[in-house]
Amino acid sequence: MNKLPDFPWDRLEPYKERALAHPDGIVDLSVGTPVDPVPQIVQDALTGAANSPGYPLTHGTKALREAAAGWLRRRHGVTVEQQDVLPLIGSKEFVAWLPTYLGAKRVVFPELAYPTYDVGARLAGAVATASDSTLAAGPEHVDLIWVNSPGNPTGRVLPAEHLRKVVSWARERGTVVASDECYIELGWEEEPISVLHPDVCGGSHEGLLAVHSLSKRSNLAGYRAGFVTGDPVLVKRLLETRKHAGMIMPAPVQAAMAAALGDDVHADRQRERYGARRAVLRPALERAGWNIDHSTAGLYFWASNGQNAWDQVAKLSEIGILVAPGEFYGSAGGRHIRIAVTATDERIGAAVARLQ
Ligand SMILES: Cc1ncc(COP(=O)(O)O)c(C=O)c1O
């Protein structure tokens with residue numbers, strides 16, 4: 001295992017203290033943690049399954065797998081068999097362990113990225129390359145390439161054509177493509193597409209994995225609920241390993257997740273909430289001197305006023321707003337900040353008022 005990075009969030013502490021000192025309290029837009037309620041139908045499903053004394057299946061219930069396959073078909077034009085769905089205890093654990101499951105020696109992930117792709121490569125003792133260009137991978141064999149659309153932190157959407165190129169590059173080399181699609185339902189100015197969509201993969205899921213999370217769609221970050229699907233051979237291998245390792249989603253959460261995937265009303269409602277928060281926060285940031293780059297989908301504004309990221313963090317902390325410096329996501333983020341829209345309407349309103 002390679003050395004793990006220091007946990008960067010500790011470096012935000014002094015700015016958090018400053019923001020907390022604001023007389024009207026902090027507006028914490030530094031993390032993407034949901035703040036709106038867990039939908040009632042999901043809570044009911046969880047409590048309805050509270051009496052679950054036996055060991056659940058690592059593969060999950062058939063009802064859960066069918067709900068996941070149904071959601072992908074209904075909402076994303078993707079067809080998978082229910083047996084090719086594998087529940088995850090939140091998608092983060094899978095992101096962190098996939099290179100180990102695959103025995104990967106070389107892993108490529110986006111230049112600006114969710115830090116856990118790098119952590120996963122380190123846990124596996126693999127060589128990691130942070131690049132958006134497959135050319136940077138060089139001539140050596142790459143075992144795994146991550147794509148993330150809509151992306152964290154940039155909110156960038158990869159068009160079908162870009163994803164097609166990654167898939168064909170990977171197929172020529174026997175590289176696995178893992179597509180982290182945890183923000184797929186949050187397209188604003190652009191419509192995200194799954195790597196498993198026929199327009200991207202040509203109808204075959206060979207060598208492809210799509211990773212999904214219920215955290216943002218259904219406010220289930222606290223339940224730890226996600227799933228992976230794609231190449232039937234790969235999924236079967238992953239299931240075997242996860243069975244041995246005890247990576248089992250609790251039965252009540254399986255029931256809750258099946259209910260969440262079967263219902264679009266709550267997800268549309270949640271989308272509207274985020275859309276309304278974006279609509280007021282974006283112009284306020286722009287009026288206050290920030291440019292918003294990418295950010296056509298997902299839960300974040302990727303913003304810059306041209307200064308060093310930490311100066312921007314400091315400036316906003318003076319008015320009680322906490323954001324994340326772009327360098328948390330890669331050295332290319334040194335002049336950007338990431339601003340999450342995961343705060344209540346009241347707190348977003350407070351941020352807008354303070355930016356005037
Ligand atoms: C890109 C990306 N992938 C995965 C995750 C993990 O989500 P979870 O473990 O809640 O499913 C996050 C969380 O913010 C993320 O931003």
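Student: How far is a polar side-chain atom of Tyr183 from an oxygen atom of the ligand?

Tutor: For a polar contact, look for N or O pairs within 3.5 Å. This is a predicted model, and in it the Tyr183 side chain places a polar atom 2.6 Å from a ligand oxygen. Ser213 does something along those lines, with a polar side-chain atom 2.7 Å from an oxygen atom of the ligand. For Ser215, an N or O atom of the side chain lies 2.5 Å from a ligand oxygen.

Student: How much of the ligand's accessible area does the protein cover?

Tutor: On its own the ligand has 400 Å² of accessible area, and the protein covers 92% of that. As for where to look, the ligand sits in the largest pocket.

Student: Which residues around the ligand come nearest?

Tutor: There are 14 residues around it, and the nearest are Asp180, Tyr183, Ser213, Ser215 and Arg224. Sort that shell by class and you get four nonpolar, six polar and four charged residues.

Student: Back to Ser213: is it buried or exposed?

Tutor: Check the relative accessible area: under 20% means buried. Ser213 has 9%, so it's buried. You'll find Ser213 in strand S7, which spans residues 208-213.

Student: And which backbone atom does the side chain of Ser213 reach?

Tutor: That would be the backbone nitrogen of Ser215, at 3.0 Å.

Terms used: Residues numbered from 1 in each chain as written. Predicted model: local features only at pLDDT ≥ 70, side-chain atom pairs only at ≥ 80, totals over all residues. Heavy atoms only, no water. Near = heavy atom within 4 Å. Polar contact = N/O pair within 3.5 Å; in protein donor to acceptor, adjacent residues only side chain to side chain. Areas by Shrake-Rupley, 256 points an atom, 1.4 Å probe, with all protein chains shown as cover. 1 Å grid on protein atoms, 1.4 Å probe; cavity = no way out; pocket = protein on both sides within 12 Å on 5 of 7 lines; lining within 4 Å. Sits in = over half its atoms within 2 Å of the grid points. Nonpolar A, V, L, I, M, F, W, Y, C, P; charged D, E, K, R; others polar. Helix = DSSP H or I, 4+ residues; strand = E, 2+ residues; numbered from the N terminus. Buried < 20%, exposed > 50% of the residue type's maximum accessible area, 1.4 Å probe, protein only.
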